[in-house]
Amino acid sequence: MSAATDPALAIDASGVARRFGTSWVLRGATLRVHSGEVVGLLGANGSGKSTLLRIFSTLLRPHAGTVQVWGHDAVRAPHAVRSLVGYLSHSPGLYDDLTARENLLFAASMLGRDPRDVDVALDRVDLLDAADRRVRGLSAGMQRRLALARLLLVRPRLLLLDEPYSNLDPDGILLVNSLIGEWAAEGAAALVVLHELAPARGVLHRTVSIRDGRIVAAPHIHAGARLDGPVAVSSR
Amino acid sequence: MTLRQEWRRARAIAWKDLTTERRSKAGFNGVITLAVTILVLFGFALGPDAQALRDAAAGTVWLAALFAGVLAFNRSYQVELDGGALEQLVLYPGSRRSIFAGKLLANFAFVALMLVVVVVVGIVLFQVRIPPAWPTLVGILLLGAIGLVTLGTFYAAMASRSRAREVLLPLLLFPMLVPVLLAAMEATKALLGGNVMGDAGAWARLLAGFDVIFLLATFLAFESVIEV
Amino acid sequence: MTHVAEMGSVSVARASRWSLFGWFAFLFLIASQGIAIAISPPDRDMGDLQKIMYVHVPAAWMTMLAPLAVLLFGIRYLWKRREEDDLLAAAAAEVAATFAGLTLLLGMLWARPTWGVWWTWDARLTSTLVLFLILAGYLSLRALIDDREQRAQWSAAVGVLGAINVPIVYMSVRWWRTIHQIQSSPSTVDPAYVLGLRLNAFAFLFVMIWFIRRRYEAATMERAAERAAESTALGGGRAEP
């Protein structure tokens, strides 16, 4: 654990532990992510990937360990962390009975952004044509794009993406990667939970995985490798 | 965050809640229909003697509004829980109080409207004469709605996220509402009966006092219940 | 939140002090009841039934007092986030509910021979019933939440609000009775009974404090056992500070 908080570290997490009931999901996870870095997070189902992400986003509190995001303590100063973080979760987090545009307008009001940014964001994710359709009628892939558009409004310094590629067609995958690339170029960092490496190959700087509730470095894995099988681990 | 920004956030949330409720198929109409049904059932329970109905009108109207209103309170959080929107809502920067304020506003509009409908139907069904002081009656309805909505919105923030939400919300809410309900019912009763003793004003003032106390307490406590 | 780290092993000196207090409280109670029954003459109307007052009334007073503990511990929990305060508040609420139940039961036992009905919508009795329901809601909430932190936080908020409401409920119910000009039950107490009531009020206070303390101790022991189980599951070595 760094003695002084290094603000160039997007994430400085040490010994993070979290339990549900009496079973521990995370048992001392340590991770550092630097400015501009895009890190992939692999792990079997139920290994705690999403839990770790949610702890970094301040939605959950760790039961042990420390988490610093851009120098702010996630437990003691969650509000400071929230203004820096963009979280894309499994569930879209959208309002089914509002249109795509209305969802973004609502987000813009909550974030204090100019409403004109909404159409810009919709255009960027190629949803301008569907802007006035209710979210209920949008496909899963389109809902994911809408969630990404909201991230554009958030303008995060740290991106926490939970399986962003699921349900996306090749165009969607390209979109995610180009967005991640743009954010990283601006100095933001990204932690991307993945089920398979293939879609993210072009954009990741490095990969780690979770085993037994701890972070281990994952070596280069061939595309299509099964992730719940044995993985050769270098000791670090 | 400045007060003006907080107000804008609250307004955005209120708009969002009211719009989603309006567009959902079951929403407002369902709740109002339920309230009227409850009135009818009470009519069967208490009547058909006209005097008995008239005596019970004030209390019955408020109870019908309460039972139907509980549904509205849980629903206002349901919309966040269905798509996982609550997480995103909590992550937006700014204080949680604006979330509470926004939901309060939306629920208040909902419940106030419902109360007006219920009172009108109640006056008809229970054969009550429209009181000359009906503007005051409207005032009482609004004050009572504030009390109902304040506590309802507060407890629903917890109940809607628990395992037994249909039971937990009434269980927590109803005993806490005793002062508000008593004051509202008594003031309404007095007004419908022509306010012979002049009690209505006293109960109305009491009701206003309760509203202030509960608004203050719930605003202060909301932060603790929306997180975690 | 800070944890009840050392609570699993309550120090011996402290344990025996509280045991002593417990003995004192119960002996004092027996003595107070004895004195009160011995020195008070039978009531004009109620006869010896009056003696039930020496349990019913102090129980009622304690029912109003215990929520104050829930309020204070709840506020302190929200402020300091110490687990002890959550457990103390919960203990106080359980004890309050017990006293409320006792008050209601005795009230009904008194009402039946006196007025021929099991229940009167008397201001005190009715307020106690509402308070009992508020406490039941609080305890149900606790039973339904598994996450410890969430349970502590939500209970504190609900407990504080419920406790604030106690005087408000009492006041509004009392005025409700007055407005309708119903004869209220005799609230003036014959001076002959005052000493007995005062003695028993203190006795009940001591007993209540002791109950809360015992309930709290039981809770901390449960908690210590939980923490031991969690440590083992983690594979030895404390995970929590």
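Predicted model: local features only at pLDDT ≥ 70, side-chain atom pairs only at ≥ 80, totals over all residues.
How many bridges join strand β6 of chain A to β7(A), and do they run parallel or antiparallel? I counted four bridges between β6 (residues 85-88) and β7(A), and the two strands run parallel.

I wanted to know which way the side chains go. Leu158(A), Leu160(A) and Asp162(A) point one way, Leu159(A) and Leu161(A) point the other way, and all are buried. With five of the five residues of β7 (residues 158-162) buried, I noted that the strand is largely enclosed by the rest of the structure.

**Entry 3, chain C against chain A.** Next I turned to the interface. Eleven residues of chain C are in contact with nine residues of chain A. The two chains bury about 890 Å² between them, with 44% of it on carbon and sulfur atoms. Glu149(C), Glu230(C) and Leu234(C) supply 45% of the area that chain C buries against chain A, more than any other three residues.

I found three salt bridges between chain C and chain A. I looked at the one from Glu230(C) to Arg19(A), where the closest N and O atoms are 3.3 Å apart. On the side of chain C that touches chain A, α5 (148-179) and α6 (191-234) each supply at least two residues. I sorted that side into four nonpolar, one polar and six charged residues.

Conventions:
Residues numbered from 1 in each chain as written. Chains lettered and ligands numbered in written order. Heavy atoms only, no water. Contact = heavy atoms within 4.5 Å. Buried area = accessible area lost by both parts, 1.4 Å probe. Salt bridge = Lys/Arg side-chain N within 4 Å of Asp/Glu carboxyl O. Nonpolar A, V, L, I, M, F, W, Y, C, P; charged D, E, K, R; others polar. Buried < 20%, exposed > 50% of the residue type's maximum accessible area, 1.4 Å probe, protein only. Pairing = 2+ DSSP bridges.
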